[in-house]
Amino acid sequence: MNKFSITQYLLIFFVLALGFTYALPNLYPTQPSIQVAYTDSGKSADQVLLNDLKQILNDTQVDYEDLFLRDNKIVVKFSSLDNQLESKTILQNALLDKVIIALNLEPTTPAWLKDIGGKPVKLGLDLSGGVHFLLEVDIETAQQGRLELLLDSYRKTFKEERLKVESSSINDLKLNFIFNDRDSYNKALSKYRLDSPGVSGLQYIITERPSANTLLLEYSDVALREIRDYAVGQNLITLRNRVNELGVSEPIVQRQGSNRIVVQLPGVQDPTAAKKIIGKTANLEFRLEANSRTSPLRKEKFNFKDNDYSTAFLEKAVVVSGDRVTNANTGFDESGLSQVNITLDMQGGRAMQKATSGNIGRRLGVLFVEQKNKSELVIDENGNSVIEQTSYIEKNIISLATVQAVLGTSFRITGVGSPQEASELALLLRAGALAAPMKFVEERTVGPSLGKENIELGMKSIMMGLAMVVIFMTIYYRVFGIAANISLLINLVLITGIMSLLGATLTLPGIAGIVLTVGMAVDANVLIFARIREELKEKDPQTAIRDGFSRAFITIFDANVTTLIAALILYVIGTGPVKGFAITLSIGIVTSMFTAIMCTRAMVNLIYGNKNIKELKI
Amino acid sequence: MDIRFQFMKYRKIAGLISIFLFSISILSLTFRGLSLGLDFSGGTLIEVAYESPVELESIRNTLIDNGYEDSQVVNFGTNLDVLIKVADQNGNSSIGESVYSLLTEQGFKGELKRVEFVGPQVGAELRDQGGLGMLVALFMILMYVAFRFQYKFALGAVTALGHDVVIILGLFSIFGWDFDLTVLAALLAVIGYSLNDTIVVSDRIRENFRTQREMQPKNMIDLSLNQTLGRTVVTSLTTLLVLFALFIFGGEMIKGFSLALILGVLVGTYSSIYVVANMLMSLTLTQDDLAIPEPEGADFEELP
């Protein structure tokens, strides 16, 4: 009488098969590997690099298992950690600064599992070790910068249209124009109204004070959102470029909330170096080309970035640096040739105007400034040869163009070659620019040994907790207890499988969540068994089993829904590690309901279902 | 059916104990406050592992000499592990590096285990979010229980949750344990757990009120508590088993978390027996409260 239909068994079988399959990738060990990418982030790894690496490794007879191209990088897999380190040294020595080499541990998930989306659970930084930064983009400064540009352009416009401006200024992020007469005031007002409509809505909020002939202008919410999105998006691109320089195998650079950016660098052990590269500003310099009258003391020789053999002399004085660049994009000039449009902020514009006004016809150079690491083979005090890394600054010319007119906040560079070369130049210009300043508002660094320690402690807690619960349940509920224990183990596998499938991140509190689930998951079975015991007092075993399961169900459901509410809220308000706890807890609640009700029932049915039992030991 | 333990006989004493613990907690929270962890207070934390035991006093002096007056130096787990906490200095994010280089100058040999910096505004946000999240959780649970059961149960459930949360916070305040994000997470898990218990008890009370119509409310509640007692004890026991495993083997970083949960399970088990039932008794739950409403229009069907 207590029998499941064939569909119910199939459903259970299907869920278990799915859970086990996706939990499987976690059983495969990781394999030491290195990822090789060109130092120049604009260049993606290619067959040439692949052949080079093969050649070098074959020549030095280092064993490697596999070498292939993947996502702009070349991945080399090794059978041992020694080989991995040895070949990193060899390759770095051979190729020096041409490439960035990152150490990594590749999952060895078999191809068939990979094809169906199988992958091991991602580890949070508290388990893998690494650095987590939270940066905040200063939107107010971006807004102030925009307003300064706007002020400048209206000053110009009003002057051209002969409006009588008494004074103009920016106060509290508002543009403030005071006019001498009503006529000028009216003309300015209609000009504002004409300019205000944008693609997404009105850009300005205009406050009119006709009695004082004063107009106040501030950005509307729509415009502010655009400024913010642009600034954050731009800084995101810049940060990605900078992070690439660090040679981290799986970096994360993501926007968080309205004006923050999360940077996570698993495996990075030196937060100071990472911070220096991420937090650096200006890495572009605009300088005039030195001419015959420039004294040798005031000029410097630089190489061109794309051509090692040509050089040029630039003046030592920097006209404008990269942090003044607010935008750069490509376009076409009158004759249909590519050009790069550059926008500077107010201060940059003024400096550019001053520098170019007496120098039309001279050439203006753009220097790209990079912080680089040089690897050198040195002999240490013990006579071993080791690679020593020193960082240095390298400056190369990315553009040298003739000044055609006095330049201001926006100007263009023409004659930049093909559209692709133009967009590369624009990218480089933007890469050096932060649309708005950023500051570190959170930093968490976990050393690699602490990560490993956390994993060990976490696993030990799960094992010990599990062992105690399993022993207790077996003694207390006998056969039913064993069924509950098997459900508990299935539950752990399902949690692992779902986490792997969803790509959820496992953290130390996440492990704690799993431990807690182990303790609480048996609750559903305890409820059912307690109920069966009660029912047994007045009913025969088969009816007692049936009623025990069905009556306990509603209670289990209500109790779990409320815990789920708490877990979901935790997910929404929590950050990082705590989110990990909310994830494992939520998944655990759902899977435990399935295993405790369906799986335990299936086992009980298989054991007692068809038998005529007189006495039930529970 | 026999009633082995007459829980409701002691309800007045239990009520007094609850009120006492609750008041002490409120007093301590008001006057002593919580010792906020880095997540909420903002500041910098550095954990280093020395190769040989070190005098904490000398580290303290070095820090004070270099302008970090508002700092704490303690051992973390073993006497080789040292945890240094420096209070926030206007959001300065490079204190970690400065302190580390100070230690190195002082002759530190060992390993830098972790550095954490939380800016003041992030700390304040986490604080606000945490408090808000707690309130939202309580409110949503109140709604769910009111919808599934009845408002008297909902009031009982939320009183029990408030009781548990305040007493655990109170204990953290009285003993000066660090209150950080993981403890907050544990507190929310306690809400879930305690509610689990409460619902199981409430569910049985509801069922008995509907089936055992001739019993006194007091006996009815005692009967329900006795019926669910076995389950309550077993579940608390298994949960406590794993939590002790976590507390003992889980390492220092998770100690506060497991401690909060252990306390939560104990207080939560107690409150699901006494606080909820006490509330229901005080609100004089009657059978009418739980009558299944007859479908409207049922009377009319018999009309010709």
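**A hairpin, then the whole**

Mentor: In the hairpin formed by β2(A) and β3(A), with two residues between the strands, A:D71 takes a positive phi near 45°. Strands here are DSSP runs of E of at least two residues, helices are runs of H or I of at least four residues, and both are numbered from the N terminus.

Trainee: Before we go on, what kind of model is this, and how are residues numbered?

Mentor: This is a predicted model, in which local features need pLDDT of at least 70 and side-chain atom pairs count only at pLDDT 80 or more, while totals for chains, interfaces and linings use all residues. Residues are numbered from 1 along each chain as its sequence is written, and chains are lettered from A and ligands numbered from 1 in the order in which they are written.

Trainee: Which other strand pairs with β3?

Mentor: Strand β1 (residues 30-38) of chain A pairs with β3 (residues 73-77) in the antiparallel sense, over four bridges. A:K77 is also the bridge partner of A:S33.

Trainee: Now chain A as a whole. How many helices and strands are there?

Mentor: Chain A has 15 helices and 25 strands. Its radius of gyration is 33 Å, well over the 25 Å that the globule rule gives for 618 residues, so chain A is more spread out than a compact globule. That radius is taken over C-alpha atoms, and the rule is 2.2 Å times the number of residues to the power 0.38. The C-alpha trace spans about 110 × 80 × 45 Å along its principal axes.

Trainee: What are the domains of chain A?

Mentor: The assignment gives domain 1 (6-25 + 447-608), domain 2 (29-108), domain 3 (139-223) and domain 4 (280-375 + 386-445). Such bounds come from an automatic or database domain assignment. Taken over C-alpha atoms, the centres of domain 1 and domain 3 of chain A are separated by 64 Å.

Trainee: And how is chain B divided?

Mentor: Chain B has domain 1 (7-36 + 122-290) and domain 2 (43-118). Their C-alpha centres lie 39 Å apart.

Trainee: How much of chain A is buried?

Mentor: Buried residues make up 41% of the 618 residues. A residue is buried if 20 or more other C-beta atoms lie within 10 Å of its own, exposed if 12 or fewer, and partly exposed in between, with C-beta atoms placed from the backbone.

Trainee: Which residues touch the most other members of the largest nonpolar core?

Mentor: In that core of 180 residues, they are A:V515, A:L570, B:A185, B:L187, B:L188 and B:A189. A second, separate core of 28 residues includes A:L284, A:L314, A:L364 and A:I398. A nonpolar core is a set of buried Ala, Val, Leu, Ile, Met, Phe, Trp, Tyr and Cys residues joined through C-beta atoms within 7 Å.

Trainee: What does B:A189 touch?

Mentor: Leaving aside residues up to four places away in sequence, B:A189 touches A:L516, A:A566, A:L585 and B:L261. Contact means that the C-beta atoms, placed from the backbone, lie within 7 Å.

Trainee: How many residues does each chain bring to the contact between A and B?

Mentor: Chain A contributes 56 residues and chain B contributes 54 residues. Among the elements of chain A that each supply at least two residues are α12 (448-502), α13 (508-536) and β24 (438-446). β24(A) pairs with strand β5 (residues 110-118) of chain B in the antiparallel sense over five bridges, and A:T445 has B:V115 as its bridge partner there.

Trainee: One last topic, A:R478. Where is it, and what is its phi?

Mentor: A:R478 is found in helix α12 of chain A. Its phi is positive, about 50°, although A:R478 is not a glycine. With 13 other C-beta atoms within 10 Å, A:R478 is partly exposed.

Trainee: And A:N213, buried or exposed?

Mentor: A:N213 counts as buried, because it has 20 C-beta neighbours inside 10 Å. A:N213 lies in the loop between β11 (204-209) and β12 (214-219) of chain A, and its phi is near 50°.

How values were computed. Contact = placed C-beta atoms within 7 Å. Pairing = 2+ DSSP bridges.
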